[in-house]
Amino acid sequence: MDFILLAKAAIMGVVEGLTEFLPISSTGHLILAGALLGFDDEKAKVFDIAIQTGAIFAVILVYWQKIRETLIALPTQRQAQRFTLNVLIGFLPAVVLALLFGKAIKAHLFTPVVVATTFILGGFVILWAERRAPRAVRVVSVDDMTPLDALKVGLVQCLAMVPGTSRSGATIIGGMLLGLSRKAATDFSFFLAIPTLIGAGVYSLYKERHLLSMADLPLFAVGLVFSFISAWLCVRWLLRYISTHSFVPFAYYRIAFGVVVLITAWTGWVNWSG
């Protein structure tokens, strides 16, 4: 057993868990961490997507009461049915566009300029959203969302197909710009992540199954466990954070990280087209 490789898997799991649900792009951070660790071959790319499932289990655990109540009430209560329908509606646009354009996006948009641009532009969008969102709150809770609200957030989530955008950043900030409160946008982003990231992980494992063997099981297990633990801590922290703080610090972090992308690409330190 290669303990150095397992240590790399643990580090990548922590990076995934800490960045998946913050508006700072987990993909960008995994690319950088993978380059620093020498963990960026084809199998590592499958690993990066698969360990998202660990982060999603953390969301399920944090929101288990809401999920459980919804499942129990689903056959009889209209509110539970509407909430479930909203999650499905928000999930579908990403599925359709990923199947249609996913391969082309990976082939043409994983470039340093695109990644840096989306990081920096995303930072300025967050600053703008934070300035106008408090005056435009229309939906206070996820239970108040309409199917049209869910569809709009789902369409915004598709922007995360462009590397460096951040799925959580697109859905949270997009939701706020569409009239959701910071809490409602964050909650719906987490619920929307459950089918989105589990689907992406299962699809990636199936599609690239020829790269994998039973010998890879310990590697993936370590990544999943560390992704789960770090994501659980991060989600709990974020829910407390948003009750009294804005996303402005993340905006400045994104702008700074965009500069890091340009510098590391220019020096040849990181292969951002990977």
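Author: One term before we start: two residues are in contact when heavy atoms of theirs lie within 4.5 Å. Also, this is a predicted model, where local features need pLDDT of at least 70, side-chain atom pairs count only at pLDDT 80 or more, and totals for chains, interfaces and linings use all residues. Residues are numbered from 1 along each chain as its sequence is written, and side-chain values use heavy atoms, with hydrogens and water left out.

Reader: Okay. How many helices and strands does the chain have?
Author: The chain has 12 helices and 0 strands. Helices (H or I, at least four residues) and strands (E, at least two) are DSSP runs, numbered from the N terminus.

Reader: And how compact is the chain for 274 residues?
Author: As compact as a globular protein of that length, because its radius of gyration is 18 Å, close to the 19 Å from the globule rule. That radius is taken over C-alpha atoms, and the rule is 2.2 Å times the number of residues to the power 0.38. Along the principal axes, the C-alpha trace spans about 50 × 40 × 35 Å.

Reader: What share of the residues is buried?
Author: Buried residues make up 48% of the 274. Buried means under 20% relative accessible area, exposed means over 50%, and partly exposed is in between (1.4 Å probe, protein chains only).

Reader: Let's go inside. Which residues have the most contacts in the largest nonpolar core?
Author: Phe21, Met145, Phe188, Phe190 and Phe247, in a core of 44 residues. A nonpolar core is a set of buried Ala, Val, Leu, Ile, Met, Phe, Trp, Tyr and Cys residues joined through side-chain atoms within 4.5 Å.

Reader: Which helix gives the largest share of this core?
Author: α10, with 9 residues. Helices that each supply at least two include α4 (52–62), α6 (78–108), α8 (147–157) and α10 (182–207).

Reader: Pick Phe188. What does Phe188 touch?
Author: Asn86, Val87, Val142, Met145, Ala150 and Val153, leaving out residues up to four places away in sequence.

Reader: What is in the second core?
Author: That separate core has 12 residues, among them Ala9, Met12, Ala33 and Phe220.

Reader: New topic: α12. How far does α12 reach?
Author: α12 has 20 residues and reaches 29 Å from its first C-alpha to its last, close to the 28 Å expected at 1.5 Å a residue. The expected span is 1.5 Å times one less than the number of residues.

Reader: Which residues of α12 are buried?
Author: Phe250, Ala251, Arg254, Ile255, Phe257, Gly258, Val261 and Thr264.

Reader: Why that kind of spacing in a helix?
Author: An α-helix has 3.6 residues a turn, so residues three or four places apart point the same way.

Reader: What do the buried residues of α12 pack against?
Author: They pack against α2 (26–37), α7 and α11. One of them, Thr264, has 1% relative accessibility, so Thr264 counts as buried. Beyond its neighbours within four places in sequence, Thr264 contacts Trp269, Val270 and Trp272.

Reader: And just after α12?
Author: Gly268 takes a positive phi of about 80° there.

Reader: What covers the buried residues of α7?
Author: The cover includes α2, α9, α10 and α12. The buried residues of α7 include Val114, Phe119, Gly122, Ile126 and Glu130. α7 has 21 residues and reaches 30 Å, close to the 30 Å expected.

Reader: I see a proline, Pro147. Where does Pro147 lie?
Author: In helix α8. Pro147 is partly exposed, at 35% relative accessible area. Setting aside neighbours within four places in sequence, Pro147 is in contact with Asn86 and Ile89.

Reader: And Lys106, what is its relative accessible area?
Author: Lys106 lies in helix α6, and at 49% Lys106 is partly exposed.

Reader: Last one: how many disulfides?
Author: The count is 0. The rule asks for a pair of cysteine sulfur atoms within 2.5 Å. Cys158 is buried at 8% relative accessibility, and Cys234 is buried at 6%.
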